[in-house]
Every structure is written in C-alpha cells, then in structure tokens.
Amino acid sequence: MNLPFKQHLIDPEICIRCHSCEMACTADAIEHDDTNVVVNADLCNYCMDCIPVCPTGSIDEWRVVAEPYSLAAQYGFEELPEQEDLAGAGADNVEALDEAVAALLAEAHQGAGGASKPPASADRPTVNMYPLAKPTSATVQGNYSLTDDPTHDVRHLILDLGGVPFPIMEGQTIGIIPPGTDDKGKAHLPRLYSVSSPRDGERPNFNNLSLTVKREEHGLCSNFLCDLEKGDEVQVTGPFGATFLIPSDPDARLLMICTGTGAAPMRAFTMRRQRSIGGTSGGMTIFFGARTPKSLPYFGPLSKVPKTLLDQHLVYSRDGKKEYVQDRLLVEEEKIAELLVDPNTHIYICGLRGMEDGVERAFTTIAESIGEQWIAMRDVMRQEGRYHVETY
Ligand code: NAP
C-alpha cells in the first residue's frame, strides 16, 4: 500500500444502515456489524458502484491516510475522524500528500445526492440508540389505508413504543426487522422507513410514531407491515439519519418536493410546524406527485391544512394529462426563482430516485431564467445545510 493512500469510509452519523452499498459492492469490500457499516481498505477497488445507490451521501467520504483505519477501528467510529495532519504523522512526501488532500476535498461529495449537512438551527438528533444487536419492540396501535385504489395500497401505521425511550425527529428513519430468515438461513436485515409523525408522536406525548408504507408486490417487509393488526409486535432499530432534519428557525422557508410515500417526512415537517409555531411559520411549499388523487397518501388530511401554512401543489401523472413534480416546478417558475434566491429557503426532495434528474433540470432552467447557475446555488445551499435529498 503506497502513500498517499486514499481510504474510502462511511459516515456513521449520516448512514441510515439501509445496506444498499453493501449489496451494490462487487468487491465484497463493504460489511457491517451490529453498529456500523464499514469499508475494507484491502478489498475496495474504487469502482464507485456503491456511490449512486446511497440515499444519504454518507458513502461518499474519503481520507488520505498514512495508515488505513482498520475494520475494528471503523466499527468503533461514533463519528468520522477529521482528515489527519499527515505532516505531523512524519510522512516524508508532504507535498504530494497536501496535493492529494486538496484534490480529495475538491472532488468530495460530488456523487449521489452529495453529502449533506443538517440545517444550522436543527436540533441534534439521537442516532442508532437501538442497533441491530439491541433492537427494541413496538406494538401496532393502528393500521389504516391511505389510498382508495386496490392496485396501490399505502398504509398509515402507528407504532407504540410503550415505556421504552425512543427519541426521534422529523426526517429520521427507523429500521423494521422482518421476521424469519433469508435463503441462507440468516435473519433478515432491517428495512428502512422514514417516520411520518413529528417528534412528540402521532398522538402527542404517548411515545408513538407513524410510518407510511406502500405494499410492494413480493415485498418482504412491506407486505409484513401492511398486514399487521392492532396489538402485533415488531422489532425496531434506529433512529437513523442526522441531516434530513427540519430547521428550528421559524423564519426558515421550506420547499418540499416529493413523490408517493416520499411524502412521509414532509408530513412530519408539516405537523411539527403546525404544532410548534403554527401560523407564524416562515412558510412551507409542497410539490407532491402521485398517480391520481385516490392514490395520493394523506389526500384528505392535506386538504385541511391551511393554505397560509402550506402552499400545496398536488400533481398527478395518471389523471387525464401526465404531469410530474418537475413539470409543475417549471409552471411555478417565478415562485420557485424567488425561493431559490432567498437565503432562508431550505429544499427537501424525497421519493423516487428517478425524480432527482428531472427536478435538477427544472432548477437549472429556473436558475438560468434569473441569470444564476443552479449547480453553484445548490453547492452553497448544501454547504449551508439547506439542500437535502433522500431518494430510493
Ligand atoms: P409511485 O406511486 O410509484 O409514484 C409517485 C408518482 O411519481 C407517480 O405519479 C409517478 O408517475 C411519479 N414518477 C415516476 N417516475 C417519476 C420521475 N422520473 N420523476 C417524477 N415523478 C415520477 O411512488 P411510490 O411507489 O410511493 O414510491 C415512492 C418512493 O419513495 C419509493 O421509491 C420509496 O422507497 C421512496 N421513499 C419512501 C419513504 C417512506 O418512508 N415511505 C421515504 C423516502 C423515500 P407514473 O408512475 O405515473 O409515471
């Protein structure tokens, strides 16, 4: 192994333990224990297959090191180490190392959605309180259908954590461990779901939370969850995620863009604001894409949210004309342009992976219409913790 050695690492604070990277890695370089997902420096061949599949950008972390972090060291990480001072470590080719670090920083965070920062005013979340080795159990308190379309079953599931502390914030996810074993006889890995309730619970102060789950054909965990009945028990890990969080600043304006069940965190954000600052909010705007009104989760409750709190753009792809969220962003070009230039605006994008490119193209067109470069604007927003993407 030659110096400078560029080591691939995973940020344990941001990783939501969905294991997508592990499944995508053809070099078998990514593995996990009950706490962290880590990269074996001896096996990683820099093929980058793991980068685009990561929903959080936590995979896109690199350090130039004199001595690679061992697997044991990475399993012990609670947060990612800073780039070490290699000159101080006695490395003789300091110039080459400096260049390598500069190049690394320049190229870092270009992949996937890019690594994200939390909003400056966000409260600090608890992460991984219940790891794979120590899941907790929750009891199903309710399981309600959210759609009126037999081919598109989306459910609102309320889980009661009982007397067990489970501090969770809007935008975070939890893991659900489906019962049984895989074809190798191993216990299933948890599947990740965003909470759709605010931090004080679906029912305030009763230590409960809600999930928004769509039944997927042949989906192991989604069918398990959608079929649960009141009183059933589920095994839960988490909470996970430390960046896709709501700002506490009441003047922050939120631009939320989502498709289907990607609305889960947006519902949590909206309820949080409704309960905490209500009408004095800086303003929220949602662009929400679904096939039809009957398949749009929370269609009824959304219609009751005051328009002064939430400016709603519900967009349908199979209800007469085909329209996607990115098409509607262009229709509302002036409104979006005004939001993009406001330093109080925070953007959240959640849902289908495919929407990301379309939304980026729409932002590019809108930014150009006001003489701006979208990529430069986005990089500033990301750096300031105001741009967040979670697509699967
Ligand atoms: P869906 O109902 O299949 O699709 C929702 C809407 O998005 C439809 O109108 C669909 O149109 C449209 N769409 C399809 N391709 C698009 C594209 N390239 N650009 C913009 N819009 C597009 O959605 P879903 O099955 O609920 O999926 C939601 C996604 O969110 C899943 O991938 C899920 O993993 C992810 N997610 C879920 C959570 C959660 O907590 N539940 C959290 C984060 C992310 P057509 O199908 O008519 O083309």
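**Entry 1: the largest pocket**

I began with the largest pocket, whose volume comes out at about 1700 Å³. I kept in mind that this is a predicted model. Which residues lie closest to the pocket's centre? I found Arg-191, Leu-192, Tyr-193, Glu-216 and Tyr-392 there, out of 50 lining residues. Next I asked which element gives the most to the lining. That is strand E8, residues 191-194, which supplies four residues.

**Entry 2: helix H9 and its two partners**

I then turned to helix H9, residues 355-369, and looked at how it meets helix H10, residues 374-383. Their axes come within 9 Å and cross at roughly 110°. Angles of 65 to 115 degrees count as roughly perpendicular, so I noted H9 and H10 as roughly perpendicular to each other. On the H9 side I listed Glu-360, Phe-363, Thr-364 and Ala-367, and on the H10 side Trp-374, Ile-375, Met-377 and Arg-378. Five of these contact residues are nonpolar, one is polar and two are charged.

I checked helix H8, residues 333-341, against H9 as well. Here the axes are 9 Å apart and the angle is about 80°, so H8 too goes down as roughly perpendicular to H9. H8 brings Glu-333, Ile-336, Ala-337 and Leu-340 to this contact, while H9 brings Phe-363, Ile-366 and Ser-369. I counted five nonpolar residues, one polar and one charged.

**Entry 3: aromatic rings**

How many aromatic pairs does the structure hold? I got eight, and picked one to look at: Phe-269 with Tyr-348. The ring centres are 4.8 Å apart and the planes stand at 70°. Planes over 60 degrees apart count as edge-to-face, so that is how I logged this pair. Phe-269 sits in helix H5 (residues 264-276) and Tyr-348 in strand E14 (residues 345-351), so the pair ties together parts 79 residues apart in sequence.

Last, I went through the backbone. Most residues other than glycine have a negative phi, and most peptide bonds are trans. Against that background I wrote down two spots. The peptide bond from Gly-238 to Pro-239 is cis, with omega near -5°, and Pro-239 belongs to strand E10, residues 233-240. Arg-17 has a positive phi, near 55°. I placed Arg-17 in the loop between strand E1 (5-9) and helix H1 (20-24).

Conventions:
Residues are numbered from 1 along each chain as its sequence is written. This is a predicted model: local features need pLDDT of at least 70, side-chain atom pairs count only at pLDDT 80 or more; totals for chains, interfaces and linings use all residues. Side-chain values use heavy atoms; hydrogens and water are left out. Axes are lines fitted to C-alpha atoms, for helices over the stretch in contact, and angles run from 0 to 180 degrees between N-to-C directions. Helices (H or I, at least four residues) and strands (E, at least two) are DSSP runs, numbered from the N terminus. Angles under 35 degrees count as roughly parallel, over 145 as roughly antiparallel, 65 to 115 as roughly perpendicular and the rest as oblique. Contact means heavy atoms within 4.5 Å. Ala, Val, Leu, Ile, Met, Phe, Trp, Tyr, Cys and Pro count as nonpolar, Asp, Glu, Lys and Arg as charged, and the others, Gly among them, as polar. On a 1 Å grid over the protein atoms alone, a cavity is a set of points where a 1.4 Å probe fits but cannot get out, and a pocket is an open set with protein on both sides within 12 Å along at least five of seven lines; lining residues have an atom within 4 Å of a point. Grid points are joined across faces, edges and corners, and a volume is the space filled by probe spheres set on the points. Rings of Phe, Tyr and Trp (its six-membered ring) pair if their centres lie within 6.5 Å; planes under 30 degrees apart count as stacked, over 60 as edge-to-face and the rest as tilted.
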